[in-house]
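Please read the following briefing alongside the sequence and the model.

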Amino acid sequence: VRAHFTPKRLLGQRVLITAGPTSEAIDPVRVVTNLSSGRMGYALALEAARAGACVTLVSGPTALPCPYGVERVDVRSAAEMHAQVMTRCAGSDLFIAVAAVADYRPVAPSAQKIKKSADTLSIDMVRNPDILAAVASRPDAPFCVGFAAESHDLDAYAQGKRVAKKLPLVVGNLVSDGLGSDDNQVVLYDDHGRHPLPRAAKTEVARAILEHVSRLMKEA
Ligand code: CTP
Ligand code: CA
């Protein structure tokens, strides 16, 4: 099997990854969510485990099986994901935030199914905590990697997120290049600049990202 040929670049490293969408309740049968298959985050978890890391994957609802050798923690909402990540990040060497976290949640989910009546419906929403920013701003922060999936102006938004959240590395892609697809085309943004990777299967892209990360972690 290929595992024998994966260089153990992350041997003994504790890696925490978020993946998939989050799901925010409106009522017992309705949610607000984001489009995310979870495949990029799951590919990173599998490849990090193959590279010798001890991997915990905090995952929103996806249709994917748990990657071999990875510990998965299932969550639904951004608040649950935030809580599970904050209890685990202190012991981590590397945090990779791949999850498509809902930026807002309904202020007051209804305990009962909402019945239709008027022609329009408004739902009050409140901001969710930014999980990646919370981890990156800790005094004992692990090496933090963010993702930025944008519909336009990728360079400016990805670099903006890297600076705003104080991240050594952001992985950017255009939603048209990766969302829901088996392959992905990404650009890595770090202190040295901009590094486009060739379009490839998400497992190949995951391996290339981890190779770049392990190099940056050695520099740090
Ligand atoms: N992220 C997070 N928690 C949130 C929102 C985002 O951990 N509440 C993480 C994502 O997992 C990703 C990075 O932050 O690694 C960027 O997410 P993105 O949605 O692209 O950026 P935002 O900062 O939420 O800005 P916006 O949605 O306005 O573009
Ligand atoms: Ca967002």
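Asp27 has Arg30 in strand E3 as its bridge partner, in a predicted model where local features need pLDDT of at least 70, side-chain atom pairs count only at pLDDT 80 or more, and totals for chains, interfaces and linings use all residues. Residues are numbered from 1 along each chain as its sequence is written, while chains are lettered from A and ligands numbered from 1 in the order in which they are written. Helices (H or I, at least four residues) and strands (E, at least two) are DSSP runs, numbered from the N terminus, and two strands pair if DSSP finds at least two bridges between them.

**Strand pairing**

- Strand E2 (residues 23–27) and strand E3 (residues 30–33) run antiparallel and are joined by four bridges; the two form a hairpin with two residues between them.
- Strand E1 (residues 14–19) runs parallel to E6, with four bridges joining them, and Ile17 has Ile96 in E6 as its bridge partner.
- E6 also pairs with strand E9 (residues 143–150), in the parallel sense and over four bridges, and here Leu94 stands opposite Phe143 of E9.
- In strand E6 (residues 94–97), Leu94 and Ile96 point one way and Phe95 and Ala97 the other, and all are buried, a term that requires 20 or more other C-beta atoms within 10 Å of a residue's own, whereas exposed means 12 or fewer and partly exposed lies in between, with C-beta atoms placed from the backbone.
- In a regular strand the side chains alternate between the two faces of the sheet.

- Leu154, Ala158 and Arg162 are buried in helix H4 (residues 154–164).
- Seen down the axis of H4, these buried residues fall within an arc of 55 degrees, so they line one face of the helix; the arc is that of the directions from the helix axis to the C-beta atoms.
- The buried residues of H4 pack against E9, strand E10 (169–174) and strand E12 (187–190), whereas the face turned away from the buried side carries the exposed residues Ala156, Val163 and Ala164.

**Positions annotated in UniProt**

- An unreviewed UniProt entry places the feature "binding site" at Asp103, Lys113, Pro129, Asp130, Ile131, Leu132, Phe147, Lys161 and Lys165.
- These positions are spread over 63 residues of sequence and are also spread in space, up to 37.9 Å between C-alpha atoms.
- UniProt positions are given in the numbering used here, feature names are shortened, and annotations may be inferred rather than shown by experiment.
- Asp130 is placed in the loop between strand E8 (125–127) and H3, and Asp130 counts as partly exposed because it has 17 C-beta neighbours inside 10 Å.
- Lys161 lies in helix H4 and is partly exposed, with 19 other C-beta atoms within 10 Å.
- Leaving aside neighbours within four places in sequence, Lys161 is in contact with Gly146, Ala148 and Val170, contact meaning that the C-beta atoms of two residues, placed from the backbone, lie within 7 Å.

**Backbone angles around H4**

- Most residues other than glycine have a negative phi, and most peptide bonds are trans.
- Asp153 has a positive phi of about 50 degrees although it is not a glycine; Asp153 is found in the loop between E9 and H4 and is exposed, with 10 other C-beta atoms within 10 Å.
- Lys166 likewise is not a glycine and has a positive phi of about 55 degrees; Lys166 is found in the loop between H4 and E10 and is exposed, with 11 other C-beta atoms within 10 Å.
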